[in-house]
Every structure is written in C-alpha cells, then in structure tokens.
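The points below are meant to be read with the model open.

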Amino acid sequence: MNYEPVIGLEVHIQLLTKSKIFCTCSTQFGAEQNTQVCPVCLGMPGVLPVLNEKVVEYAIKLALATNCKINHHSVFARKNYFYPDLPKGYQISQFEEPFCENGYISILQEDIDKKIGLTRIHFEEDAGKSMHSEHYVGSDETLVDVNRCGVPLLEIVSEPDIRSPQEAYSYLVKLRQIVRYLGICDGNMEEGSLRCDANISVRPAGETRLGVKTELKNMNSFKSVEKALEYEINRQISTLKDNEEIVQQTLLWDADRNVAEPMRSKEDSHDYRYFPDPDLVPVIVDDEWIDRVKAEMPELAGEKIKRFVNNYGLPEYDAQVLTEDIAVADYFEAAAAGVKDKKTASNWVMGEVLRVVKESSGGVKKLNVTPAFLADIINMIEEDMINTKIAKNVFEKCLQTGKNPRDIVKQEGMQQISDDSEIETLIEKVIQESPNEVLAFKAGKTKILGFFVGQIMKATQGKANPKTVNQILMKKLNEYRG
Amino acid sequence: MTDRADITTLDYTRARELLEKKEITCSELVDKYFQRVNVSQLNGFITVFENSAREQAAQIDEKLKNGQAGRLAGMVLAVKDLIAMEGKKTTCGSNILSDYISPFDATVVQKLRAQDVIFLGKTNMDEFAMGSSNENSHYGPVKNPHNPECVPGGSSGGSAAVVADNLCIASLGSDTGGSIRQPASFCGVLGCKPTYGRVSRYGLVAYASSLDQIGPITKSVPDLSVLLEAICGHDTKDSTSADQAVPRFSDYLNRDVKGLRIGLPHEYFTDGLDADVAEKIQKVIDFLEQSGAKIIKLSLPHTEYAVATYYVIATAEASSNLARYDGARYGRRAESTSALEEMYVKSRTEGFGSEVKRRIMLGTYVLSAGYYDAYYRKAQKVRTLIKQDFDRAFQDVDCLLTPTSPTTAFKIGEKADDPLKMYLSDIYTVSLNLAGLPGVVVPVGKDGTGLPVGVQFIGPAFEESILIQIADFIEREFEQ
C-alpha cells in the first residue's frame, strides 16, 4: 500500500523591532545575560504590559505578503504554565481571536505553483532561555537568561497542505524569503530567529480522513526539518505496516543521532488554560492603518523578478537567481547602476559573487568587493584596460584587501597590453622558438592556436589583449613560410 | 488657637489651613501620628516609615516656608501594602512576599510624591486582597477601632482602620469587589472606588486585573475629592487606563441635591439586609427626598448572579496573576528542595495562606479544558448582562443609592470558617466592579451596638463628581 504524508508547520519568527513587545528593553542579540531586562519583562509584582505598535505594523506587513485576512479586532490571551524562564507564569499570546487568518504562500513544486494555506498568524512574546549544558552550568544546575523574555514573535500556522519533506523545505525557504524581503525578521534558523515545529501524519493514498498525528520539535535548520520529517514518515509508515497504532505524542529531533525521540509525557500534557489577558486591550487595526502600511510595503520577490526582466533585460533565470536573497538582489542593482551591460553585471554576481558568498559566512553585505568596486572591474573590461581573466584576479585581490580595483590594477601593473607592436614582437619570438608547433598548425591542426596564445599570455602574465593577440597571431602564422 | 493634642483628628483640608497659617508643622503632625501609631493595638500597619516620613516632613516644612509646597503638602498618607513603593517592602499581606522590596514606585505613588504627600507606612490587608474581614493576613487580623473584637472589613481593612483611628490623615486602598467600600463602611470613614480605568493600576499588585482599582479612604468628603483628583488620570504604562479628562472634584462640594434623580434598586433592599442598617439607610433616603432629590425605585434584575459571577472571574484572573510567585526570582523560596517541581510546590504551599490557595484552585478549575465554557465564558456573558442592567438604570437616574454591606462589622472569627457566608457579604459591592462603575461610601451613623453604617452611591462611568456632590451633601447633615 502507498502512504501519503500530511504535514502542517508552525513557524515562530523573531521580529527585528528595536524594543521588546511589552516594554522598552532592547532586543539586541548577544548582550550579556540578564542585562536587557526591566520590572515589566521580569514580571515583578505590579507591572503591566503595553503593546509596542511596531510589532503590529510588522504583522500587517506579513499578513499582506501572505494574503491573510486581517482581523480588525484581535485579542491577547494568556497561556498558563510554570517554567523558570517564564517569569509571569504565563506567556502572552493569542488564542481565540488571532491577528489574521486564511492566507497562503505559493511555492514552486516541479515547476508548478502550489498554494500552502495559512490557518493564522498571531502575536506572542518569547520566553527566556534555560541553560542546561553550557560549560559554565554545573551538572545539577539550570541557569536562566531572561534577555529574550518579551522579544516579539509572530507564530505562523500552516494548514496541513504539505505533502513531502521537500515541500516543507520549499515552504520554509519561501517564508524566509518573504520575512527577509519585508525586513521584519532575519530568518536565521541556526540562531533561533526562525523556529519550526511540525505536525505530521500519514494515510493510505486516496484516503481523505487524517491519520493520528505526532508533533516534531527541536529542529535547528531547514535540513533538519527535512530529515526529521523523512525519518518520522518512515517510522509512521512502518508502524502502520506492522499493524500497530500511531501514538499521538511530541517527538524531539536529535540532529546528532538522526533520530526523533518522544518527549517525557509529563511535559506533553499541559492544559494551558488560555483566557483573554485582562491587562491588555484588544488590538484594533483599521483600514487606514492597513493602507498606510500597504503604501510602504517593500517590493517582494515576484515583483522584483518581473522588474529585473523588464528593466534590465535579464533572462528570467537570472532574475530568479538574483532575487532569491534580497541582499543579493540589492547588491546586483547597486552594481548594475554603474555599468552599461546589465547582463555582464548579472553574470558576475551569479558567478564570482555568489560563489564567494557561499564560501564565506558573512553574507553579501560584508563583502570587500562592494557593488561600486564590482562596477569598476566590469567597466575596466569594457574600457579594454584589463581582460576578463585579469579581472578575476583583480576581483580576488579586492576581495582579500578591500582596495579600490582601479588602484590594484595601477599599483600592480595589471593593465592590458594592447600595443600592436609590442605584441607583434612577442608573437614573432614565440613563432621562431616553436617550429614544430608552427608545422602542426600549417598541417591543419588549428587547435594548436591555443598553445601560442598561452605562450604569449604567459610572457605577458596574462595582460595581453586577447583580441589583439588573436588577430596578429593569425596574420603572422598565415604569413609564415618556414 | 487650636488644641494641639487634637491635630491627629484633623482632616487634610483643615490641617492644610493650619500649615499655611504656620500654626502647625508637618514634622509636628508626623510626630503626633507616630506617638499614636507606636502604641496602637489595631495591627493596622505592616511597615511604618518612621525615618523617611520624618525626613519628608522636614523637607516639606522647608517648602511650605518658601511657598513652594505641592498641592498635597502635609497629607500624611498610609498605603495599602499591595501598592509598590520603591525601596520599600510590598508584602501584599502574604508570607510569600514577606521580604520582597519593590524596585519601583506605582504610578499613584509617583503622582502623590510629586505633590509632597508624606508616606507614613504600608497598611495591613487580606492576603493579595482576597477577603472581606482582614483575617486572611499573614500579619494577623486588624481590629476595628470602634470595637476591637470586630473586624474592620476587608480587604483594605488596615487602610480603613488607620484612618478611622487617626493614625494618619488618609490612605489608599484597592477595591476588586468592595475592598475599599466595605471596610470604609465598617470603620465609619469615606471610601471611593473610582471608575475602572480612572486610576492607573501600574504598581498595584494584581488580584483580578479586570476588576481592581486603587481609591482613597479619608475622614471627609473634601479630602476624598482632592486625593481622588490627585490619583486619577491617563497613564501610558497601563493599557487599560482611560484617556478621560479629570474634573476638579472639589468644584462639586457645597452644592445641593435639588432635582437629582436617585435610584433605589429593590434587589439591594431584600431579606438579608440587617434591620438596623436598613433603618439608617432609610433616614438618608428620607433626607434626600426632603432636600429636593427625586427618589426612583427600579430593578437591576441580574443582581442575584453577581456574587457567583464575581467569584468565577476574579478567581480565574487571580489563578494566573499569582502564578509568578513561584520562588524562582523573588519572594520566598522553600528551603532544601532539589527538583524544580518540588521547589514550586513547597514554596507556594508555604507561601500562600488558605484563602489564596482556595481561590487559585477555584480559578484554575474554571479555566480548565472542558469547564471554561460552563464557568468562565458564561460568567463573562452574565457580566455583560449586569453591566446592561446599570446602563438601563442610568437612563432614568443620575445615581443609585444602596447599602454597602448587609450588616455592620461582624466579630473576628465569626465567618472565618464559612467562605460562602463570607463571600455573600460582598453582595452589594461586587456588581460595580463587574460593571466598572464608580462608587462612594459615606458614614451615616451607628447601629445599636455603636458600629458605623455606611451608605453607598453608585454613579455612571466617569461620573465620580456626582457622587462627590451627594456624599458632601450627606456628610454635612450626618456628621456627628
């Protein structure tokens, strides 16, 4: 029997607001433990939360970008449970009346657009961080860092529309692209600014009812999500094939051992006793506010692709590659602004720049080769000052040193030799020193031309203008009468 | 010349006159109060600020000399011990916070400090404001100044008793279901529960967030009006605080009641009402009618559900509000525990008293999966009906007149073992909190045993001024 997996994802994104959701503490990542706190986020007796409006603005952006229906009236609710990293003994979230509902995200699956439904997106405050295994934590201790307490989150709950681990992966990539384009989250799963839990069940192909689901947690990368889902699908299918029943439970993914193991059942049996938070008033969002945010919405990937094709005359493929990451798209546009041939700029970004970005960790924004420097390099080719091969050297040197490419070329004498007489002298010398190769050429072995070009490039350290070399070489070889 | 031995009996309005005339000083006033506080047997205070109060008094005397004193200079105030004051203990009458020192001032404290109020101490109360008799305090019961065998009412029992016994000029209490009004009535002082949202709750330790309000307890209506005016106003730190202009409440003093329409809800005058209390209230009604007010009988049909509704909503919110007292970050942590859950259980078991535990369990129950709809959601619906009762009533009347409590102060221990009986004594006060409306209690005499009786006036939302107007009119007639 064939089985079909049914997957729904719950994604939490940390918002890039400067201050926390209910107080004015900084959200800066990486500060010393327990320094970004105040009575409000510590839940001291008598404090009250006040909503940060920026959080609502960011949520409106995401709602618009994911085709959700924004509820003009939504309500904060308390999710009650005890844990040391939760100072109030409850987490402020939303329950019965979420911020927005009924949206979708389109993903490309085998060249076809597939819509993954979004059930809802709602506000939530982050909890603190419990430290169990860090080197400074004793074996019988747990330390708590409350800096993260009250950092604004949006929880994005998908419909069970996902049918494979690959689709889940594509969905996450697409969602990350959206939040990065909107500038509301840096989308870094390894650092925890984007987190993903999965609900998963399997059913015989053709069956419409849902099977018993399990919940997967603790996946720290997109790849882990994919792997964990594969693991769990296989486990559920073989369980069913053995005529055993799937137990509804929460499983934790262990990325080191590539297995998912059940959470202790006690932690899994919460009754959160949600109820509306009486300390906060409903979030009221009118059409005017939505329109204001709409007017300030950044261009999203789909629109950017169209514009790159229309305005820069790029092939659709180039536009796709360049817009995958908004930082790369911005880099391309900045570089392209300074050069005549946009396709050449695209080639450089898709080639050298993306290669380097993939190898480094800093991302395109931290590249020593700024867009202006890349434009300089391309323009120097255009001006016949350097050839493409030297240009790649200049790129490499600029990458290492951060120096202006024009200075690099000047200081290192990398200018192209386009002087006919100088090249002619060199060619004559090479021809005289290589009688056998000349004979071979004469005998019709035209491929040997490369040998001569190579010799000349070697003699000029690659600086000879290849066009000039080719012209003169052909002329000289044809004139040659041994 | 005033009799100097008596200055502790002055209300603020009179004391300020003498301060301005330089007949007395703040230091003298504070001295006299401490002479009384230090020998008081009422158990009204949990903490007194003998040093800081004297320092403040000396500073404010300087300001008075220079003509730079704030509007409430010389107001010697006691504060219920669940209102946060920076650097001072804020115990909430609980063992679990017995050593807790607040790192910040409540908004009301900040406002009053800026007007040169002198803070004398923090008053005793039912633990986390849960109680109607002040017997639920970790620091022991407070005694009623009119009869030490009787309770002062609760939960702001300390705040009412210390004003009634001239241990300070006035005090702040908090009112979730009657916690200012019932003790004011039992102790024979003035008390006001403002409209929900009128006074910032920032720094008020929450019992039931959708019901709690801070309010003044005073010896006179003029004092009530100045203190109320000083604490009202919008606060950006409290999302539920109302952005409403605050009138000059003292403008409503010295008026008459001609033409005022006063409603009597018949549900508040039924069998449970003590005859002595009923008689005193009737006198007030007659007096108002004789003075030109129009008395209108009406009905608030959902009144009988108010106590049950209140105890579902208040306990639900409390069960969540009190979750933060877990021994992890501040407050009392049980000793020698090794596992997390053990720390929680032991700390909370040792830290909370039995009434608090009872309400946490009730609240946890009504919010539990499977019970939420039957209890919490249903209670919210009834709350709306109760509110609509008042809305309808205020189409026909300017305010309502009711008793404050079915009886005068009862004996310490009398109801302590019967929570249901105790809860039912809130019957005339809880509806206002559910509807978010303002209420003022005015003393109108004593019963046969010498215990005070207070009458309650209920106004439409943000209409405290009309309550001040009537209370002042009544006070001038009924002052002993």
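**Notes on the model**

1. In the lining of the largest cavity, β5(A) has the largest share, giving 3 residues. This is a predicted model, and the points that follow should be read as such. Both β5 (90-94) and α1 (39-42) of chain A supply at least two residues each to that lining.

2. The largest cavity holds about 170 Å³ of space. Of the 20 residues that line the largest cavity, those closest to its centre are A:Val40, A:Cys41, A:Lys88, A:Ile92 and A:Glu125. By class, the residues of this lining are 13 nonpolar, 2 polar and 5 charged. Searching the whole structure gives 4 cavities of 30 Å³ or more.

3. How many residues of chain B are in contact with chain A? The contact involves 39 residues of chain B and 32 residues of chain A. About 2800 Å² is buried between chain B and chain A, and carbon and sulfur atoms account for 57% of that area.

4. For polar interactions across the interface of chain B and chain A, the rule finds 16 residue pairs in polar contact, with both residues at pLDDT 80 or more. Four elements of chain B give two or more residues to the side that touches chain A: α9 (306-321), α10 (340-351), α11 (354-367) and α12 (373-393). The most comes from α9(B), with 5 residues. The residues on this side of chain B divide into 18 nonpolar, 11 polar and 10 charged.

5. Across the interface of chain B and chain A, the rule also finds 2 salt bridges. B:Arg201 forms a salt bridge with A:Asp279. In this pair the closest N and O atoms are 3.2 Å apart, against a cut-off for salt bridges of 4 Å.

6. Two backbone details deserve a look in the model. Most peptide bonds are trans, and most residues other than glycine have a negative phi. The peptide bond from B:Gly154 to B:Ser155 is cis, with omega near 5 degrees. B:Ser155 is located in the loop between β3 (118-123) and α5 (157-164) of chain B.

7. A:Asn34 sits in the loop that runs between β1 (3-14) and α1 of chain A. The helix α1 (39-42) is also one of the elements that supply at least two residues of the lining of the largest cavity.

Notes. Residues are numbered from 1 along each chain as its sequence is written. Chains are lettered from A and ligands numbered from 1 in the order in which they are written. This is a predicted model: local features need pLDDT of at least 70, side-chain atom pairs count only at pLDDT 80 or more; totals for chains, interfaces and linings use all residues. Side-chain values use heavy atoms; hydrogens and water are left out. Contact means heavy atoms within 4.5 Å. Buried area is the accessible area (1.4 Å probe) that two parts lose on being put together, summed over both. A salt bridge is a side-chain nitrogen of Lys or Arg within 4 Å of a carboxyl oxygen of Asp or Glu. A polar contact is a pair of N or O atoms within 3.5 Å; within protein, one must be able to donate a hydrogen and the other to accept it, and residues adjacent in sequence count only if both atoms are side-chain atoms. Ala, Val, Leu, Ile, Met, Phe, Trp, Tyr, Cys and Pro count as nonpolar, Asp, Glu, Lys and Arg as charged, and the others, Gly among them, as polar. On a 1 Å grid over the protein atoms alone, a cavity is a set of points where a 1.4 Å probe fits but cannot get out, and a pocket is an open set with protein on both sides within 12 Å along at least five of seven lines; lining residues have an atom within 4 Å of a point. Grid points are joined across faces, edges and corners, and a volume is the space filled by probe spheres set on the points.
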